Amino acid sequence: MSADTVNGVLDLVRPDLRDFAGYRSARSDRTEGRIWLNANESAWDSPAAAGAGLRRYPEPQPQALREALAGMYGVAPSQVLVGRGSDEGIDLLIRALCRPGADAVVITSPTFGMYAVCARLHGARVVDVPLLDTADGFECDFEAVAAASERAAARIVFLCSPGNPSGTLLPRDAIRRLASRLRGRAVVVVDEAYIEYAQAASLASLLDEFDNVAVLRTLSKAHALAAARIGTVIAADALIGVLQRCQAPYPLPLPCVEAALAAVSRAARDVTVGRVQATVDERQRLYAALRSLPGVRRAYPSRANFLLVRFDDAGGVCRRLLDAGVVVRDMRAQDALGDALRISIGTPEQSAQVLEVLRRGSGAGARVAVA
Ligand SMILES: *Cc1c(COP(=O)(O)O)cnc(C)c1O
């Protein structure tokens, strides 16, 4: 820990933002009232949405949703910030912690593109410590990450676990050691967008030990609410307060909050658990099938709801899939993935169609006519 650490993680917040109060919205100083004339809202419901409750500005952080998400993620409501997808969480963390034109973030490529995009938009430097491509799949070189972070005096280390697109679940002990080593110097952000599919414990519990850890969760993947844009930052109370002051005044549209509350209800979660299991089963089936297919150089093991696959002719495979109406993610523009595609796990029928196209193309070259 650095000698000047007094306030813990608040010492990592941009000095010019430490006493920043943010925008005081009409909802910031909510008091009891009978007649609300403080926010210049219409006195009538929209003729297009009568009775929908859309006339008033929404709560900035709806308490019911905060509590429901905190309960689901096993943390305190004060450790939770809800935003417009975890994408907003990434952006807020960078804006709050990095001085534009001065501070750096560390990423481990190949990884989720938004870390570098948000850093670049904010004028923060991006230091890349590439994952190691090993016989067991992609692995994080934690010693190199720690050293690079210290050398660059980085404010944030972005880890993705399970990784997109690597599929790798990062070891808890190594992240714990990294957080310990970087305490007082950098916040270790663990993006757990796909953790449900790993059926492994979240690293949010590291917050009991370290205030320089932040975890990102989302309802966009396993909870099937990508269009509602609901993501969560889990971090120390003090950091959550700072992030909220950097956030837009009314980030969460009411219909999205209602959808999120329904999605985290007991009944919906029971269904979600079953769908996650079905996806995991299908992932294993597709992985096994791909590995035995000619033309497949390598299918990486995955703890998420996609497979990263290298092909002898990735461009050709991509085209043939598109001809059959199947859209997968072309990864070839990324360093170290010049022959790779990323295939999301769909239904068994959808996997069968993918495999049919691949088998057809990998045969003698004869296209089987489709009736
Ligand atoms: C999909 C994805 C997200 C985005 O989540 P939203 O909550 O929809 O913004 C975040 N991180 C990773 C690694 C993802 O793949």
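A cavity is here a set of points, on a 1 Å grid over the protein atoms alone, where a 1.4 Å probe fits but cannot get out, and its lining residues have an atom within 4 Å of a point. The structure is a predicted model, in which local features need pLDDT of at least 70 and side-chain atom pairs count only at pLDDT 80 or more, whereas totals for chains, interfaces and linings use all residues. Residues are numbered from 1 along each chain as its sequence is written, and side-chain values use heavy atoms, with hydrogens and water left out.

By this rule, one cavity of 30 Å³ or more is counted. The largest cavity has a volume of about 70 Å³, a volume being the space filled by probe spheres set on the points, with grid points joined across faces, edges and corners. Its lining consists of Thr108, Pro110, Thr111, Leu131, Phe138, Cys160, Gly163, Asn164, Pro165, Ser166, Thr168 and Leu170. Six of the lining residues are nonpolar, six are polar and none is charged; in this scheme Ala, Val, Leu, Ile, Met, Phe, Trp, Tyr, Cys and Pro count as nonpolar, Asp, Glu, Lys and Arg as charged, and the others, Gly among them, as polar.

Helices (H or I, at least four residues) and strands (E, at least two) are DSSP runs numbered from the N terminus, and two strands pair if DSSP finds at least two bridges between them. Strand E2 (residues 104-107) pairs with strand E3 (residues 125-128) in the parallel sense over four bridges. Ala104 has Arg125 in E3 as its bridge partner. From E2 the chain passes through helix H3 (residues 114-122) to E3 in a right-handed β-α-β crossover, that is, one whose path from the first strand over the helix to the second runs clockwise with the strands pointing away from the viewer.

An open sheet with antiparallel pairing comprises four strands in the order E10-E11-E13-E12. Its edge strands, E10 (296-299) and E12 (329-330), each pair on one side only. E11 and strand E13 (residues 340-344) run antiparallel and are joined by five bridges, and the bridge partner of Arg310 in E13 is Ala340. Leu308 lies in strand E11 (residues 306-311). This residue counts as buried because its relative accessibility is 1%, the limit for buried being under 20% relative accessible area with a 1.4 Å probe and protein chains only. The C-alpha atoms of Leu308 and Ser344 are 8.9 Å apart, although 36 residues separate the two along the chain.

Conventions: On a 1 Å grid over the protein atoms alone, a cavity is a set of points where a 1.4 Å probe fits but cannot get out, and a pocket is an open set with protein on both sides within 12 Å along at least five of seven lines; lining residues have an atom within 4 Å of a point. Buried means under 20% relative accessible area, exposed over 50%, partly exposed in between (1.4 Å probe, protein chains only).
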